[in-house]
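Student: I would like to learn how to read a fold from its model. Can we go through it feature by feature?
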Amino acid sequence: AAGKPIVISTWDFGIAANHAAWDVLSTGGRALDAVEKGVQVPEADPKNQSVGYGGLPDRDGKVTLDACIMDELGNCGSVAALEHIMHPISVARQVMEKTPHVMLAGDGALQFALENGFKKINLLTPESEKAWKEWLKTAKYEPIMNIENKLYDKASPTRLPGNQYNHDTIGMLALDANGNLSGACTTSGMAFKLHGRVGDSPIIGAGLYVDNEVGGATSTGVGEEVIRNVGSFLVVELMRQGYPPEEACKEAVMRIIKKKPAKAKEIQVGFLALNKKGQYGAYAIQKGFSFAVCNAENKDLLIPGKSYY
Ligand code: SD4
């Protein structure tokens, strides 16, 4: 499939997020506005325990959020380890548009958000607090590396939209009617991580990269392995060399597997890519990855990601 406008995003919950992005794209709006609006949907959803409000906390019980955004001009903005704010993606956008910087972290990011009119809220829902207290009973100070795959193993091989296995980082890529690309990525990161741990999701080139000449890519899964391989930048550079999106994602996955084969068996990483022609593809280490596609022909397409294992 190809063509524009189009929006794609990670996991089953991408369907609802795509709809919000589509409202912007279908009325001639800019891809940047579409991806911001789109990922705000899971950010605000308390049932989604891996993005924004309702996200699972770190081992100290604090919900710390990572997000970044990138536009067709190569502008980018990012926040890392941001607490108490419902929409980190919008703070990231303001870092991009209102400051000379790309990335703000921790208390400084919160201070910037509050100075720019964002409201301070409690992100920890009773459900996520309960999950944390449950985890504290064993308190293995090890992040849960591959939570979606562990759950998948217990599930039937057919995943349906709206089932309980929908949880992970949202990465979204859009191509607007003018042929411009943008992307956004937002997450509460790894559940029960060390306080202060930052994943790939707010790091330009790792969790997200957009080059308007070529395409965009985003990632989900164990951020440490994505950072190590500068994953999303790699996918975009492979597309520049002529790889179709799925092949580019596969090659980036193979790089991770080659570098740490034993570890790769235990973890999940998935990449998602969209090129300038509106062609898309994905590839993951483990089965269970999915991505959502929305364009003029189909608003609710959910595609199972191909995988190595
Ligand atoms: C991270 N990539 O913080 C994100 C979260 C994620 O499965 O996708 N977890 O490493």
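Student: Where does Trp11 lie?
Tutor: Trp11 lies in the loop between S1 and H1. Helices (H or I, at least four residues) and strands (E, at least two) are DSSP runs, numbered from the N terminus. Phi of Trp11 is near 65 degrees, a positive value in a residue other than glycine. This is a predicted model: local features need pLDDT of at least 70, side-chain atom pairs count only at pLDDT 80 or more, and totals for chains, interfaces and linings use all residues. Residues are numbered from 1 along each chain as its sequence is written.

Student: Which peptide bond is cis?
Tutor: The one from Lys4 to Pro5, with omega near -5 degrees. Pro5 sits in the segment before strand S1 (6-10).

Student: How do I read a sheet?
Tutor: Strands of a sheet pair through backbone hydrogen bonds, either parallel or antiparallel. Two strands count as paired if DSSP finds at least two bridges between them. Here, eight strands form an open sheet in the order S4-S3-S2-S6-S5-S1-S11-S12, and the pairing is mixed. Strand S4 (103-105) and strand S12 (301-304) each have a single partner strand, so one side of each lacks a neighbour in the sheet. On average, neighbouring strands of this sheet are turned by 10 degrees against each other, direction ignored.

Student: How many bridges join S2 to S3?
Tutor: Five; strand S2 (residues 65-70) and strand S3 (residues 76-82) run antiparallel. Ile69 stands opposite Gly77 in S3.

Student: Which strands does H1 touch?
Tutor: H1 packs on this sheet against S1, strand S5 (170-175), strand S11 (290-295) and S12. Its direction makes about 155 degrees with that of S1. Axes are lines fitted to C-alpha atoms, for helices over the stretch in contact, and angles run from 0 to 180 degrees between N-to-C directions. Contact means that C-beta atoms, placed from the backbone, lie within 7 Å. H2 also packs on the sheet, touching S1, S2, S5 and strand S6 (181-187), at about 20 degrees to S6.

Student: At what angle do H1 and H2 pack?
Tutor: Helix H1 (residues 14-25) and helix H2 (residues 31-44) pack at about 150 degrees, with axes 7 Å apart. That makes H1 roughly antiparallel to H2. The cut-offs: under 35 degrees is roughly parallel, over 145 roughly antiparallel, 65 to 115 roughly perpendicular, and the rest oblique.

Student: Which strands make up the five-strand sheet?
Tutor: This open sheet has the order S7-S8-S9-S10-S13, with mixed pairing. Strand S7 (208-211) and strand S13 (306-307) are at the edges with a single partner strand each, so one side of each has no neighbour in the sheet. Strand S10 (residues 280-284) runs parallel to S13, joined by two bridges. Ser307 in S13 is the bridge partner of Ala284.

Student: What lies across that sheet?
Tutor: Helix H8 (residues 231-240) lies across S7, strand S8 (215-221) and strand S9 (269-275), at about 145 degrees to S8. The axes of H8 and helix H9 (residues 245-259) come within 9 Å and cross at roughly 135 degrees. That makes H8 oblique to H9. Residues in this contact include Leu234 and Leu238 of H8 and Ala248 and Ala252 of H9.

Student: And the whole protein?
Tutor: The protein has ten helices and 13 strands. Its C-alpha trace spans about 50 × 45 × 35 Å along the principal axes.

Terms used: Contact = placed C-beta atoms within 7 Å.
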